[in-house]
Amino acid sequence: MDSDSTQFQQAQLAAILGHDLAPFETLISHLMSSVNEQRSQAETIFNLCKQNHPDALSLKLAHLLQSSPHVELRAMAAILLRKQLTRDDSYIWPRLSPTTQAQLKSHLLVCVQREDAKTISKKLCDTVSELASGILPDGAWPELLPFMFQCVTSDSPRLQESALLMFAQLSQYIGETLIPHVNTLHSVFLRCLASSSSSDVRIAALGAAINFIQCLSSASDRDRFQDLLPAMMQTLTEALNCGQESTAQEALELLIELAGTEPKFLRRQLVDVVGSMLQIAEAESLEEGTRHLAIEFVITLAEARERAPGMMRKLPQFIHRLFGILMKMLLDIEDDPAWHNAESEDEDAGETSNYSVAQECLDRLSISLGGNTIVPVASELLPVFLAAPEWQKHHAALIALAQIAEGCSKVMLKNLEQVVNMVLNSFHDPHPRVRWAAINAIGQLSTDLGPELQVQYHQRVLPALAAAMDDFQNPRVQAHAASAVLNFSENCTPDILTPYLDGIVSKLLVLLQNGKQMVQEGALTALASVADSSQEHFQKYYDAVMPYLKAILMNATDKSNRMLRAKSMECISLVGMAVGKEKFRDDAKQVMDVLMTLQGSHMETDDPTTSYMLQAWARLCKCLGQDFLPYMSVVMPPLIQSAQLKPDVTITSADSDEDIDESDDESIETITLGDKRIGIKTSVLEEKATACNMLCCYADELKEGFYPWIDQVAPTLVPLLKFYFHEEVRKAAVSAMPELLRSAKLAVEKGLAQGRNESYIKQLSDYIIPALVEALHKEPETEIVASMLDALNECIQVSGPLLDEGQVRSIVDEIKQVFTASSTRKRERAERAKAEDFDAEEGELLKEENEQEEEVFNQVGDCLGTLIKTFKASFLPFFDELSTYITPMWGKDKTAEERRIAICIFVDVAEQCREAALKYYDTYLPFLLEACNDENPDVRQAAVYGIGVCAEFGGSVFRPLVGEALSRLNVVIRHPNALHSDNLMAYDNAVSALGKICQFHRDSIDAAQVVPAWLSCLPIKGDLIEAKIVHDQLCSMVERSDRDLLGPNNQHLPKIVAVFAEVICAGKDLATEQTASRMINLLRQLQQTLPPSTLASTWSSLQPQQQLALQSILPS
């Protein structure tokens, strides 16, 4: 910059920050300009002032705020000051001189006292609170709290309201600094709530009280505020009585927040509070918005399960009332003629906001309260509605049934007959909208009550849906019947579906040729799903169906037909996968050519084709395998582009008036993080998630063929392990990690990696594994934690030997972290179980969460097993560190799954580290022996397997325990139900362990008894891995002519021959080919050496099919 322009700029800044206010006012008004150029120039100058003259700028803003006669300038000054005092990149407070800081603080308090305009008062309070939250905790604004208490006790409602707004915000930001004043605040809030004549003051007091209650960590402190609750509710009812509904809605929103975060605070007065809310919900004279908020309050309480488990289920009379209110709201629906057009833009014609709120609330209510609470209420109300004359009531009952199915599935399954009858009877209702609702209910129930519904009622449901597809007068009904076939077949096995295929496929082909696009789309998705569920059984329809599908793909080129064409891609690719490569090959080429042309054409951002095409390509790849490789260069570039999409995010402050405008675009999801509200465009996220899933599919399917793309895909997916906007994106990225490593390793091994060697795999592994460990550390969702551990385990299997000690250390540290986090979650659950209203339904929920937790432990066990197998004895120092986490898992108070995992980890150590592991036997063997007789069969199996391992590798350390081991194994083997399917694996492993004791500790046992006892248990047929080992051992013993085995005068020979015969008859299951041929040789030798009479008696003891099998093997 030359010196002239620098001088000009300095002069400009001096003028703006000089005594005359006018240039500064002009600058601020330009910042609000709608002319972009003017605004950006003003922003540049403002930022220069801020960089070079922060003191002058802050005081100018404060001066403007205090004395400008223009409301909009004062408002802008308040907003700008708040921005400069917010602790983020633009925070200038620390750069201001102490004098400026003092002046600014006093200016702000003067402004609060003087400002008359309500909108600016609020913004001022925001600015004061923002600054205070940064400096008050360090004692840097001692005047503030006395000032606020002075305002709140003054007789000016305006000042009272301002002080309360600031108390509310400070409670949110730095509540701990207010806690010493808890008594004063209690009386202040109570007085303002109960006796202020201004509704603004009462609402502000309500907000301040609710925020303050949320920041109190001790229950006794919170209880002190219980007596505010009647006055808090009074604020709401008075606003309603005076017709101030917008004030009432503000109050409701605040109370909803309280219900979500501190539901127990409401517990003692629950009956009154919920009663008042339902009264509001029932008052038809009120605005819908007010009634919906009252319902939202009650539902929020029902959903607050973690903080107040079971509390709402103690009020059955209210649930009955609420259910009734929601059912009545479902009646708010009109028979709009547009609905019958079957055009997708008229899909919701006739539905009102009451109707859609009721639908959503029934779903949430049933999920949060569960079937035992909801089903009795529903089974009382729904039949009454179905028996009434009005079609709206029939419709409402069926919609309600579909909405509650997910939350009530367990209880509804017990009354399946009644539920199915209720719905199928309405298939004949005279009103098409009711028939539509009945089909809708069947579709929903197929999803929520499957596969039981499919197994028990297919012979009634499928014919009913097929008949509905013939309702040519009502295309909406036909289309929905096709969609319900999709829901039904998704949860269905081919054997159920196959007998109906002729009828269903021929009807769907008729619908494919229908003039209504909605009907055609329904038929396409149904065909796709039927093909997917019936797999190779669909081959016989292929020649009839495929020409229609290809015709749609090639001809539906209009913008209005985009969805139709997209669905034809889905259908073709699913049909191709179902019938297989041979049948599909000729058409595949044509289809791929169309897709390639489309891929090259320009598509609008909202075109559904993109997402459907990504999925169709991946299915075609699965169908064609390596034959797909030539198409990868077309498929991959746009796919990587979709995976790299940036989320479309808008951020506003959570309490701002500029709500993210949701009305025009329902695909925006909002989440609130602290004091920021974030809006995210979901369509972008869904496309991104689909693309990431597809990348994972290609790597999995093409193995080394995917190698050329790894260098682009790895840097795309690794950062997405921490993509917190969308779970599906994270899940896909996680699953892809081991696939990428595997692909690289295979490509190097097969010489397809363009000359790269093992150092490339190490480089990739050094990129992926640490990233996965770091993501695991930050992952909030238990289910994804389990997937990450699973992926980490697979990665270690692929590239374990390439890990260095530092990487192993970080993995072990993360595993410790996983143990710690898991026990914290368990403690929190145990606390929930102690809550006063805890009941069986909550117990069910906890059980599900605990099962998820066990999955985490399971994966930890697998990871450690892989590390132990990879590094053997050099891993033991890490194992020693982990033992403080693992040893407690053997405890009787732990779940069976935890005990099993702890056993498996020790057994891995014993098996892989052999002599180096002997030092652990003293600690772990007593646990192992005890676990052999655990009541859980999986624990028993792991323990008896462990005994076998210790017998094999434990040598003299194991010898003193042989006696106890034998009696423990004996209990398992002799158990009356030992061969029951649940116990079979434990039995087989116990037999195998007994064999190991016979083999490695013969001198410590009474062999003449124990060896024949072992023989009498053979062959084993449940655990096919152990079976091969045990039968090989038997073979070796016969080859050595083991005396204890053959017995005096070879009396055990018939049994041995019978075992051999059974093993050989079973094919490859019970013995390796090598063992089986050794057995055959032994039988041939016996045939030549044994006296004919012995042979004859041995033969006669065999079963007929074994005799036949042996005759075919042995020379006669």
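In this predicted model, the buried residues of helix α8 pack against α6 (98-114), α7 (118-135), α9 and α10 (182-195). Helix α8 is mostly covered, with seven of its nine residues buried. The residues in question are Leu144, Leu145, Phe147, Met148, Phe149, Cys151 and Val152. One of them, Phe149, also takes part in an aromatic pair: its ring and that of Phe167 sit 5.2 Å apart, centre to centre, with 50° between the planes, which makes the pair tilted. Since Phe149 belongs to helix α8 (residues 144-152) and Phe167 to helix α9 (residues 157-174), the pair ties together parts that are 18 residues apart in sequence. Both Phe149 and Phe167 are buried.

A second ring pair brings together Tyr707 and Tyr760. Their ring centres are 5.8 Å apart and their planes stand at 80°, so this pair counts as edge-to-face. Tyr707 is found in the loop between α33 (682-702) and α34 (710-717), while Tyr760 is in helix α36 (residues 758-778), so here the parts tied together are 53 residues apart in sequence. Tyr707 and Tyr760 are both buried. In total, the structure holds 22 aromatic pairs. Ring pairs also build a cluster, made up of Phe879, Trp890, Phe906, Tyr920, Tyr921, Tyr924 and Phe927.

Rings meet charges as well. The charged end of Lys393 sits over the ring of Phe385, 5.7 Å from its centre. Lys688 does likewise with Phe723, lying over the face of the ring at 5.1 Å from the ring centre.

Stepping back to the whole chain, there are 53 helices and three strands. The C-alpha trace spans about 125 × 75 × 70 Å along its principal axes. Of the 1116 residues, 55% count as buried. Contacts reach well along the sequence: taking those between residues at least 6 apart, 72% join residues at least 24 apart. The domain assignment gives domain 1 (1-115) and domain 2 (1038-1115), and the C-alpha centres of these two domains lie 100 Å apart.

The largest nonpolar core has 409 residues, and those with the most contacts inside it are Phe628, Tyr698, Phe706 and Phe875. Helix α20 (residues 391-414) supplies the largest share of this core, 13 residues. Domain 1 (1-115) and domain 2 (1038-1115) each contribute at least three residues to this core. As for Phe706, its contacts beyond four places in sequence are with Met632, Met636, Leu695, Tyr698, Ala699, Val713, Leu740 and Ser743.

Some stretches of the chain carry annotations in UniProt. An unreviewed entry there places the feature "domain: TOG" at residues 368-609. Over that span the chain is 80% helix and 0% strand, and the end C-alpha atoms are 37 Å apart. Residues 419-457 are 77% helix and 0% strand, with 11 Å between the end C-alpha atoms. For residues 924-956 the figures are 82% helix and 0% strand, and the end C-alpha atoms lie 16 Å apart.

Ile901 has its place in helix α41 (residues 896-913). With 4% relative accessibility, Ile901 counts as buried, the cut-off being under 20%. Leaving out neighbours within four places in sequence, Ile901 is in contact with Glu854, Phe857, Asn858, Gly861 and Met889. Lys1021 is 120 residues away from Ile901 along the chain, and the C-alpha atoms of the two are separated by 24 Å.

Asn983, by contrast, is in a loop, the one between α45 (962-974) and α46 (984-1000). Its relative accessibility is 15%, so Asn983 counts as buried too. Apart from neighbours within four places in sequence, Asn983 is in contact with Pro937, Arg940, Asn977 and Ala978.

Notes. Residues numbered from 1 in each chain as written. Predicted model: local features only at pLDDT ≥ 70, side-chain atom pairs only at ≥ 80, totals over all residues. Heavy atoms only, no water. Core = buried A, V, L, I, M, F, W, Y, C linked by side-chain atoms within 4.5 Å. Buried < 20%, exposed > 50% of the residue type's maximum accessible area, 1.4 Å probe, protein only. Helix = DSSP H or I, 4+ residues; strand = E, 2+ residues; numbered from the N terminus. Domains from an automatic or database assignment. Contact = heavy atoms within 4.5 Å. UniProt positions renumbered as here; feature names shortened; annotations may be inferred. Phe/Tyr/Trp six-rings, centres within 6.5 Å; stacked < 30°, edge-to-face > 60°. Lys NZ or Arg CZ within 6 Å of the ring centre and 35° of its normal.
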